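User: I would like to go through this model step by step, with each answer ending on the value or name I asked for. Could you take the strands, the core and the aromatic rings in turn?

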Amino acid sequence: MIIRTDSTQVEINPITKVEAYSSIEWKSDCEYVMTYTKILNYPEDASHMIGQAINVEIISTDSKGYKVHATSPRIDNILEFVKAEK
């Protein structure tokens, strides 16, 4: 589950209970940089992830969600996010 505002993002895994907190810096209407600021309940030391920036480009949107291209020195992935009903 992802909870996002204009400047922050929290990723919560309901199974493992890992929580990843990030800051969001918008570069344009379709691009932002997400930087990890805190990670909780990770089974190993996650300190190497703090400060890691991921460049994100929104490549498509529709009423069900959106698709992004996420890149960093460690990843290069296309990810799809689906809106959840409250």
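This is a predicted model: local features need pLDDT of at least 70, side-chain atom pairs count only at pLDDT 80 or more; totals for chains, interfaces and linings use all residues.

User: In what order do the strands of the open sheet lie?

Analyst: The open sheet has 7 strands with antiparallel pairing, and its edge strands, which pair on one side only, are strand 1 (2-4) and strand 7 (76-82). Neighbouring strands of this sheet are turned by 30° against each other on average, with direction ignored. The order of the strands is 1-2-3-4-5-6-7.

User: Which residue of strand 7 stands opposite Lys-67?

Analyst: Strand 6 and strand 7 run antiparallel and are joined by 7 bridges. In strand 7, the residue that stands opposite Lys-67 is Glu-80.

User: Is Tyr-32 buried or exposed?

Analyst: Leaving aside neighbours within four places in sequence, Tyr-32 is in contact with Arg-4, Gln-9, Ile-24, Glu-25, Trp-26, Lys-27, Ile-54, Asn-55, Val-56 and Ile-58. The relative accessibility of Tyr-32 is 4%, and the cut-off for a buried residue is under 20%. Tyr-32 therefore counts as buried.

User: Why is the pair formed by the rings of Trp-26 and Tyr-32 described as it is?

Analyst: A search of the whole structure finds 2 aromatic pairs. In the pair of Trp-26 and Tyr-32, the ring centres are 4.8 Å apart and the planes are at 55°. Planes under 30 degrees apart count as stacked and those over 60 as edge-to-face, with the rest as tilted. Because the planes of Trp-26 and Tyr-32 are at 55°, the pair is tilted.

User: How far from the centre of the ring of Tyr-21 is the charged end of Lys-38?

Analyst: The ring of Tyr-21 has the charged end of Lys-38 sitting over it. The distance from the ring centre is 4.6 Å.

User: What is the relative accessible area of His-69?

Analyst: His-69 is found in strand 6 and, not counting residues up to four places away in sequence, touches Asn-55, Val-56, Glu-57, Ile-59, Asp-76, Asn-77 and Ile-78. His-69 and Ile-54 are 15 residues apart in sequence, and 10.0 Å apart in space from C-alpha to C-alpha. His-69 counts as partly exposed, and its relative accessible area is 25%.

User: Which residue in the loop between strand 4 and strand 5 has a positive phi of about 65° although it is not a glycine?

Analyst: A positive phi in a residue other than glycine is also found at Lys-17, where the value is near 70°, in the loop between strand 2 (8-12) and strand 3. In the loop between strand 4 and strand 5 lies Asn-41. The residue with a positive phi of about 65° is Asn-41.

Definitions and conventions. Residues are numbered from 1 along each chain as its sequence is written. Side-chain values use heavy atoms; hydrogens and water are left out. Contact means heavy atoms within 4.5 Å. Two strands pair if DSSP finds at least two bridges between them. Helices (H or I, at least four residues) and strands (E, at least two) are DSSP runs, numbered from the N terminus. Axes are lines fitted to C-alpha atoms, for helices over the stretch in contact, and angles run from 0 to 180 degrees between N-to-C directions. Rings of Phe, Tyr and Trp (its six-membered ring) pair if their centres lie within 6.5 Å; planes under 30 degrees apart count as stacked, over 60 as edge-to-face and the rest as tilted. Buried means under 20% relative accessible area, exposed over 50%, partly exposed in between (1.4 Å probe, protein chains only). A charge sits over a ring if NZ of Lys or CZ of Arg is within 6 Å of the ring centre and within 35 degrees of the ring normal.
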